Amino acid sequence: MSLPSASQDSAGEADDYLARRRLRRGSAGWLLLTGLGVAYVVSGDYSGWNFGLAEGGFGGLAIAMVLMGAMYTCMVFALAELSSILPTAGGGYGFARRALGPWGGFLTGTAILIEYVLAPAAISIFIGDYVESLGLFGLESGWPVYLACFVVFIGIHLWGVGEALRFSFVVTGIAVAALVVFALGALPEFDASSLDDIPVDSSAFGANSWLPMGLLGIWAAFPFGMWFFLGVEGVPLAAEETREPARTLPRAIRWSMGILVVLAVVTFFAAAGARGSAAVQDAGNPLVEALQPDGEATGLSRIVNYAGLAGLVASFFSLIYAGSRQLFALSRAGYLPKFLSLTSRRRAPYLGLLVPGAIGFALAAGTGNGARMLNIAVFGATISYALMSLSHIVLRRREPELPRPYRTPGGVLTSSVALVLACAALVATFLVDVTAALIALAVYIVAVAYFGLYSRRRLVARAPEEEFAALAAAEAELSRD
């Protein structure tokens, strides 16, 4: 690897480079980070997962949810260990950089960026649909609503990370409370006989009432099973803005995942059981649909409807945060243009917020296809999951003596399970939306070409992730001598 110009500059110049790219330290404790982890995901409880019923039926989606829940749980335990070792803003990119070298770091970081740039764009469209359906201010879904989302919520992020995380925590709390209210309202109507009411495709192998699309339907439902957990892996991106990150990050990641598992099971069974799988499989707002058997709005369905908007706002807001920190870390280390990592006087990476926001708005306004953008985001996510799980395995094998304030239960067996399931989920994206997978693959190839032909020779050795890697390489060389 050719080390960057910053490593050849004077110490003063290098210090100035990093001083202009510094985040606000100690802004978040474990509670705010737990809220951040739930915020990334909570909109997935309100919508999106139910389309998996059309792919695999109740049984197929249930199995997919369990398998994807296992993947995320195993991965989260691995990430808890990795974040205690390398508490930097690079998150997954930093872990892969240490374990798999600069190519591994870039491939992982790019995959994460695809997820965190496309997902907010998709969610802004869903917010527009909610605003229109609720009749708020007489607005219709369209580019003015999308623009307002990006302007207002990026503005809060520019104000400061502490303020942003507290806002996210409050909105997430509202969304979670409403899920509990929904479950209490829907469970009295629960009828197990309505769970498997989707017509059976008799031509599908292994088809029955619980698996109406056959065994292949389980695999096709993988991406929708992920929607109950998609994004929780972004918690480590807050490492440089966290108090005592080696202790705080593992705790927050584990608590986030535990809460999300409970919410996923309760939401899934309550929604499908209250109205029937067939009734909610194509609904844009499945929880509201489950509460309106006659199509008439009730007081409870209105509450859940407004809370669904709060859930979308929470996820939109937190995913903007995650994308900005991933872009900041890749830029600071030279993988992407360095000016993108400049921070403001309030220590916010303003270009890391504004540039992805502009791209996201353009995609939302130009396509209006939120479902496809989410499928592209899922493609990027599954690649990053496989590479982060592999990073845990490699570091355990190659650096067994590395200090680990937190150790993954089960060790490499745990991360190996996550790796296998992530690869299976990656293939499943082609079963659901081949076009989305090919678009994501094309973006990935362009990014790889940029790195291979240009930026890999301009990395910044003083960036935290690069320093960690350089120290590891030096220690390995000394041990060989």
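The crossing of α16 and α17 is left-handed; that is, the near helix is turned anticlockwise from the far one by less than a right angle. Helices here are DSSP runs of H or I, at least four residues, numbered from the N terminus. α17 covers residues 412-432, and α16 covers 370-398. Their axes, lines fitted to C-alpha atoms over the stretch in contact, with angles from 0 to 180 degrees between N-to-C directions, come within 8 Å and cross at roughly 160°. The two helices are therefore roughly antiparallel, a label for angles over 145 degrees.

A word on the source. This is a predicted model, where local features need pLDDT of at least 70, side-chain atom pairs need 80 or more, and totals for chains, interfaces and linings use all residues. Residues are numbered from 1 along each chain as its sequence is written, and side-chain values use heavy atoms, without hydrogens and water.

Stay on α16. S384 lies in it. Is S384 buried or exposed? Buried, at a relative accessible area of 0%; buried means under 20%, exposed over 50%, partly exposed in between, with a 1.4 Å probe and protein chains only. Beyond its neighbours within four places in sequence, S384 contacts T108, A111, I112 and E115, meaning heavy atoms within 4.5 Å.

Now the rings. Phe, Tyr and Trp rings (six-membered for Trp) pair if centres lie within 6.5 Å; planes under 30 degrees apart are stacked, over 60 edge-to-face, the rest tilted. The count is 25 aromatic pairs. F58 and F269 are edge-to-face, at 5.5 Å and 75°. F58 is buried, at 6%. F269 is partly exposed, at 33%.

Methods: Parallel < 35°, antiparallel > 145°, perpendicular 65-115°, else oblique.
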